[in-house]
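Subject: Structure for you to look at

Hello,

Here is the structure I said I would pass on. Please open it first and then read the notes under it.

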Amino acid sequence: MSAASPSPPRIEVRDLTVVFEGRGRRVAAVDGVSFTVPPRQSFGLVGESGSGKSTILRAICGLAPVTGGTVRIDGEAPPAGRLAFARRVQMVFQDPYGSLHPRHTVDRVLSEPLQIHGFKDRDARVSAVLSDVGLGPEFRFRLPHQLSGGQRQRVAIARALVTEPDILLLDEPTSALDASIQAEILNLLNRLRREKGLTFLMVSHDLAVIDHMCDRLLVMQNGRMVEELSRTSLDSRAVSADYTRALLVASEGFRRGAPAPEAVPVSR
Amino acid sequence: MSASPPLLSVEDLRITFDTRRGPVEAVRGISFKVGRERVGIVGESGSGKSMTGRAVLGLVRPPGRSQARSIRFGDAELTRLSEREMRKFRGARIAMVMQDPKYSLNPVMTVGRQIAEALRVHGRLSSTEIRACSVRMLEEVAIRDPERVLASHPHELSGGMGQRVMIAMMLVPEPELLIADEPTSALDVTVQLDVLRILDGLVRNRGMGLLFISHDLRLVSTFCDRVLVMYRGRIVEEIAAQDLPQARHPYTRGLLACLPRIGGGGAPLATLSREPSWETPLP
């Protein structure tokens, strides 16, 4: 792997392994996962709980230990002093209720990253980013409890965007929201990606959301890769793994007359 | 709907919350019937769907108040019952399953003890009978290794397993009506379908009625027989599940249109404009 190739992928994950150890148990949450995302593309990680999809995002931004393998951004490993890296790679979390400080105003939530990263003209940047995410100036001095779920997620997206990152790591950004609000947030994210030339790495359990948002996707199960697909092959159901097929069937809802569930083993 | 008399018949149900800014109506005069069938209530957060389910069981807590012209269950008028009399219906004849098994199971009690408790409350059984009955119940919700599950604490079970246990417990007294409030929303998609198949079998084999409350229109439209669509405290449309693609109310149509679909292309999704006129139910 040469870091000096002419145009390295924006995100390159190679043989990534994340192992959690404790109480004599050793769990490989992510087990040898590799994928690349070119600049300005959107890549999806899809799978059920425990598949390791969120852990990959956390490992990329240093919130989970990288036990093996490498993560490269624009061909380079994230530097030790991570401040510059943190400015470029930002995360949006699932739960807009839990990810905003309950006693910080929107203004403070958005100003703090600017201060940390030494931006000037903070005032102008805060009002610009608010309008980018479709919130009027009247929201600037509100507290999280004065916002609806959708508005909070807009603030969380604004907080991620305010440092002008290249990459957004999106961890189930709409799964806590109502369907109509989900549509608004997905439209917003797509518009922002276009306008700002962002690269997305998006995690979801919802195949339809990933299909709508991502050019390529990786299906995961139990920390391992199941298969990587383009949107086109997903749309035409050209999948090779049984697990992906099961996810596709499940995404269409309930089917009466389908075989009764087999008795399940007690796995956990 | 079948010709048999409905199990549950609700007329003009209203739920009001007294807040500092005056009373707020969460449910504004709804009427519906549930027979031995699967009825879905669909709506977004704040539509009043969960409150409706709780009101049937008399579980709306202050500062909420629920009143109805009539809530008939079989030949009983639930609105006239005292709290004490209501307890004979709650759990025994009308059961409820909530969203997240993590919060509905007691974390410091083994599953076996919790099920035994449910059995003891609803009947007089010896401990051998309780044991045998618990195992049989877990087998009915497709748990392969019931002995091990009985000995487990809730945190040792996956979400799907926990929800099966919850459903098994609710079924102890053989209720005639099951109110399920987002019973599968906390579960993985493939597990979700297993739990639905169990519920489906109960409706078919035991002739139980099911009131299925969910935000997930796609799931409800494929699982239920009839769907009640709630918007801001009113039932704005009632429709046979298979006819949902031809729904007439703009809210129902809007909800269907804003869902991303596999192969739907990357074009912007439809969003809801929320006209005030949407609060008017269809004639």
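This is a predicted model: local features need pLDDT of at least 70, side-chain atom pairs count only at pLDDT 80 or more; totals for chains, interfaces and linings use all residues.

Residues are numbered from 1 along each chain as its sequence is written, chains are lettered from A and ligands numbered from 1 in the order in which they are written, and side-chain values use heavy atoms, with hydrogens and water left out.

Domains of chain B

Chain B has a domain 1 (1-79 + 176-260) and a domain 2 (94-172); the bounds come from an automatic or database domain assignment. Between the C-alpha centres of these two domains the distance is 25 Å. In domain 1, 25 residues are in contact with 17 residues of domain 2, where contact means heavy atoms within 4.5 Å. About 1800 Å² is buried between the two domains, and carbon and sulfur atoms give 70% of that area. Buried area here is the accessible area (1.4 Å probe) that two parts lose on being put together, summed over both.

One salt bridge is counted between the domains. A salt bridge is a side-chain nitrogen of Lys or Arg within 4 Å of a carboxyl oxygen of Asp or Glu. B:Asp194 and B:Arg164 form a salt bridge, with their closest N and O atoms 3.6 Å apart.

On the side of domain 1 that touches domain 2, helix H1 (49-56), strand S8 (177-181) and helix H8 (189-206) of chain B each give two or more residues. Helices (H or I, at least four residues) and strands (E, at least two) are DSSP runs, numbered from the N terminus. H8(B) gives the largest share of that side, seven residues.

Two single residues

Is A:Gln153 buried or exposed? A:Gln153 is buried, with a relative accessible area of 0%; buried means under 20% relative accessible area, exposed over 50%, and partly exposed in between (1.4 Å probe, protein chains only). A:Gln153 sits in helix H5 (residues 149-161) of chain A. A polar atom of the A:Gln153 side chain lies 3.3 Å from the backbone oxygen of A:Gln94.

B:Ser134 belongs to helix H5 (residues 127-140) of chain B. B:Ser134 is buried too, at a relative accessible area of 3%. Leaving out residues up to four places away in sequence, B:Ser134 touches B:Ile115, B:Leu119 and B:Leu150.

Regards

Note on methods
A polar contact is a pair of N or O atoms within 3.5 Å; within protein, one must be able to donate a hydrogen and the other to accept it, and residues adjacent in sequence count only if both atoms are side-chain atoms.
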